[in-house]
Amino acid sequence: MTSPAHRPDPDDLAASEEASPSVPGGALVDDSRRVLVHLLQGPFLDGRRDGARYAQLLRDRSAIEARLADLFLELIVDDDAQVAFVRQSEDDPDAPKLLRRLTGMNRLDSVLLLVLRQMLLTQSSRGQRTVVSEAEIQQALAAYRRTTSTDEAGFAKEVRASIAKVQRAGLLDEQGDDFEVSPVLRLMIGPDTAREFIALYRQAGVDGLEDPDDADVPGDDAPAGGERAAGDA
């Protein structure tokens, strides 16, 4: 179930025109400090819903990236999807880890993330938002249930718990009876990570997970925060 993609409200962009970029080598201007805090709080900045803040990020990107680099973090921006987030820099594997965003994910959670990512890739390629119902999610995960449980009602309850967990991570936005998948999910779980876990699930007899075909997406080679989204199996 889909609806056309939308752009930031022109009023939001107009309101941000008075904001200024920071002076090179100086302190961040107040608007950019707010953008920086928002990025650190996570899980991401959505330019469709916060056009003014996203516009300020683009305007002062170099200065914000420099502050993040001081914390061993890097900025990932997808201009087409109008989303941005930060992840741990891979330049120094011994650097202290600041982000712990998608930890505590069990196997069902990770399968759900992979399924949602597939749905997102399919619909975003058509320029559409990705909106799904709980019934569609339950159906998409049915193959996984057959390999793990014969208790259909109990499995449906587990799926609802996984949906709630992904919601808390900011990757599903409740839209009435449905859920919109955040476009940042495509970036937070890169194709290499997706392929690795899809292979593991196939070995376990789970079918229906397709190989990702988005290797050209910027920043798609690793999940956010240096942490794997598909977690503690």
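These legends describe several close-up views of one predicted model.

**View 1**
The model is predicted. The protein chain has 10 helices and 7 strands. Its length is 233 residues, and 46% of them count as buried. The chain exposes about 11,700 Å². Carbon and sulfur atoms supply 46% of that area.

**View 2. Helix 2 meets helix 4.**
Two packed helices are described by the angle between their axes and the distance between the axes. Helix 2 covers residues 30-41, and helix 4 covers residues 61-70. Their axes come within 10 Å and cross at roughly 45°. Helix 2 and helix 4 are therefore oblique to each other. The crossing of this pair is right-handed. Which residues make the contact? Helix 2 brings Ser 32, Val 35, Leu 36, Leu 39 and Leu 40. Helix 4 brings Ile 64, Arg 67 and Leu 68. By class, the residues of this contact are 6 nonpolar, 1 polar and 1 charged.

**View 3. Helix 2 also packs with helix 3.**
Helix 3 spans residues 51-59. At what angle do helix 2 and helix 3 pack? The angle is about 105°, and the axes are 9 Å apart. Angles of 65 to 115 degrees count as roughly perpendicular, so helix 2 and helix 3 fall in that class. On helix 2, the contact uses Asp 31, Ser 32, Val 35, His 38 and Leu 39. On helix 3, the partners are Arg 53, Gln 56 and Leu 57. This contact has 3 nonpolar, 3 polar and 2 charged residues. Look for Ser 32, Val 35 and Leu 39 here.

**View 4. Phe 72 sits in a loop.**
The loop runs between helix 4 and strand 3, which covers 73-78. Phi of Phe 72 is near 65°. That is a positive value in a residue other than glycine. Is Phe 72 buried, partly exposed or exposed? Its relative accessibility is 33%, so Phe 72 counts as partly exposed.

**View 5. Val 83 lies in strand 4.**
Strand 4 covers residues 83-88. Val 83 has a relative accessible area of 0%, so this residue is buried. What does Val 83 touch, leaving out residues up to four places away in sequence? The list includes Phe 44, Leu 45, Asp 46 and Tyr 54. It also includes Ile 76, Val 77 and Asp 78. Pro 183, Val 184 and Leu 187 are on it too. Val 83 and Pro 183 are 100 residues apart in sequence. In space, they are 7.1 Å apart, C-alpha to C-alpha.

**View 6. Helix 5 crosses helix 8.**
Helix 5 spans residues 107-124, and helix 8 spans residues 152-168. They pack at an angle of about 70°, with axes 9 Å apart. That makes helix 5 roughly perpendicular to helix 8. The crossing is right-handed. Helix 5 contributes Leu 108, Asp 109, Leu 112, Leu 113 and Leu 116. Helix 8 contributes Phe 155, Glu 158, Val 159, Ser 162, Ile 163, Lys 165 and Val 166. The residues of this contact divide into 8 nonpolar, 1 polar and 3 charged.

Notes. Residues are numbered from 1 along each chain as its sequence is written. This is a predicted model: local features need pLDDT of at least 70, side-chain atom pairs count only at pLDDT 80 or more; totals for chains, interfaces and linings use all residues. Side-chain values use heavy atoms; hydrogens and water are left out. Axes are lines fitted to C-alpha atoms, for helices over the stretch in contact, and angles run from 0 to 180 degrees between N-to-C directions. Helices (H or I, at least four residues) and strands (E, at least two) are DSSP runs, numbered from the N terminus. Angles under 35 degrees count as roughly parallel, over 145 as roughly antiparallel, 65 to 115 as roughly perpendicular and the rest as oblique. A crossing is left-handed if the near helix is turned anticlockwise from the far one by less than a right angle, and right-handed if clockwise. Contact means heavy atoms within 4.5 Å. Ala, Val, Leu, Ile, Met, Phe, Trp, Tyr, Cys and Pro count as nonpolar, Asp, Glu, Lys and Arg as charged, and the others, Gly among them, as polar. Buried means under 20% relative accessible area, exposed over 50%, partly exposed in between (1.4 Å probe, protein chains only). Accessible areas come from the Shrake-Rupley method with a 1.4 Å probe; for residues, only the protein chains shown count as cover.
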